[in-house]
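Me: I'm new to this one. Can you walk me through how some of its helices pack?
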Amino acid sequence: PSIIALVSRDNKALYRLSTSKYPFNDGIAAGFGRLLEAESTAGFYMIHLATPHAPYNMAPYRSRHPSGLSKAQTQALNEKFRLETGSADEIDVAGRKQLYALAVRAADEALGDILAQLKSRPADRKTLIIVSSDHGEPFGDHGAVGHGRSLYKSAYHVPIVISGPGFEPGIRVSRPVSGAQIPATILQTAGLKDSPRSLSHDTPTSAPVRTVAVWFPRGTVIQHDGWRLIFTESSHVLDRPKSWAHRNRFELFDVAADPEEARNVFSERRELHDILLSALSTHWLVPAKTRARAAKALAETRGPN
C-alpha cells in the first residue's frame, strides 16, 4: 500500500482505505491529509513512496515534470526493463538511470506535498519525521544492475534524514549508522523506551563510531573501525554473475582509502580477520546461523595451521 496508518483512532477512515483498490488516486499527500484531519490524538504513519523502486516511475505516481520523456517513451522503457535480465553489459543501464531519475523526482514531489500537509497543522504539534530507504540501486557497479544481487556500497548505502524532537537542525553525521536503529529512535521519541540504539545518540560530535551490519540471506556486510567486510554466505552463487556480483567468499575494503571498494585486501590483512569476525559474531543484527557459517568459512579459507 502507498500509506499505512499503524495507529489510528479513525477506524471508519481506515476501513475505507483498506477496501479501496486505489485509495490515493487523488494523491498520497491528500490521503495523508484526510487521516490527519480525522486524528484527535497522536498517530504513527509509514508512508511508502515506492516510486523509485523497480520498475521505476509507474502510474499513478508519475512525475509532474517528466523532463522530455513522453508517456509512451516511459512505458516503452518500463516494458524493456521488465524483459531485460543479466549483468551490466547485457542491460540498457542508461535507460534505467533515466527512469530512476524521473522516479526520484516524482518521489521528491510527493514528499514535498506530504510535508506541506504537516506544515498546515497547528504549530505546537510535535512531529518526528524520518525519511530513508530500504536499499540502494546499483547501475553497473561491480557488474550488478538492480538490488538483491550485490552487497557493495551502492546496493545498501542510503540516506537517513530526521527532523523533530531531540534532533538539532543542521547536524550532519558522517559516521556510519543503520536503518535498523529507526524503530528504537521512534520508541524513544514517543517516550516509550530509551535505547542506546536510538539515532539521537549518534548526533553529538563526541559519539563513538558504531559497528554497522547489513544482513541479507546470501551474505552479510560488517563495517567496523574503518574496514568493510563482505561475507558471501551462500557459496553456490559465487560463480553466477547474473545472480550475484561477488566472486570471493570474503572481501575486505579500507573505507577511507578505497571508498568505491575496488581493491579487496582480505588476503593481505590477515591480522584483521579475527577482529572483524568477532565484530560480525557479536552484532545484534546478524543471525546465529550466519555467525557460525562465517567462522567455519574463515577456518576453511585459512586452511590447516
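**Helix packing around α4**

Reply: In this predicted model, helix α3 (residues 71-83) and α4 pack at an angle of about 125°, with their axes 10 Å apart. Axes are lines fitted to C-alpha atoms, for helices over the stretch in contact, and angles run from 0 to 180 degrees between N-to-C directions. Helices (H or I, at least four residues) and strands (E, at least two) are DSSP runs, numbered from the N terminus.

Me: What does that make α3 relative to α4?
Reply: α3 is oblique to α4. Under 35 degrees counts as roughly parallel, over 145 as roughly antiparallel, 65 to 115 as roughly perpendicular, and the rest as oblique.

Me: Which residues of α3 and α4 make the contact?
Reply: From α3 you have T74, L77, N78 and F81, and from α4 there are G95, R96, Q98 and L99. Contact means heavy atoms within 4.5 Å. Sorted by class, that's three nonpolar, four polar and one charged. Ala, Val, Leu, Ile, Met, Phe, Trp, Tyr, Cys and Pro count as nonpolar, Asp, Glu, Lys and Arg as charged, and the others, Gly among them, as polar.

Me: Is L99 buried or exposed?
Reply: L99 counts as buried because its relative accessibility is 0%. Buried means under 20% relative accessible area, exposed over 50%, partly exposed in between (1.4 Å probe, protein chains only). The C-alpha atoms of L99 and F81 are separated by 9.6 Å, and the two are 18 residues apart along the chain.

Me: OK, now α2. At what angle do α2 and α4 pack?
Reply: About 20°, with the axes of α2 (residues 28-38) and α4 (residues 93-119) 8 Å apart. The pair is therefore roughly parallel.

Me: And which residues meet there?
Reply: On the α2 side, I28, A29, A30, F32, G33 and L36 meet D113, I114, Q117 and L118 in α4. By class, that contact has seven nonpolar, two polar and one charged residues.

Me: Switching topic: what's the mean pLDDT of the chain?
Reply: The mean is 84, and 87% of the residues reach 70 or more. pLDDT is the predictor's confidence in each residue, from 0 to 100.

Methods. Residues numbered from 1 in each chain as written. Predicted model: local features only at pLDDT ≥ 70, side-chain atom pairs only at ≥ 80, totals over all residues. Heavy atoms only, no water.
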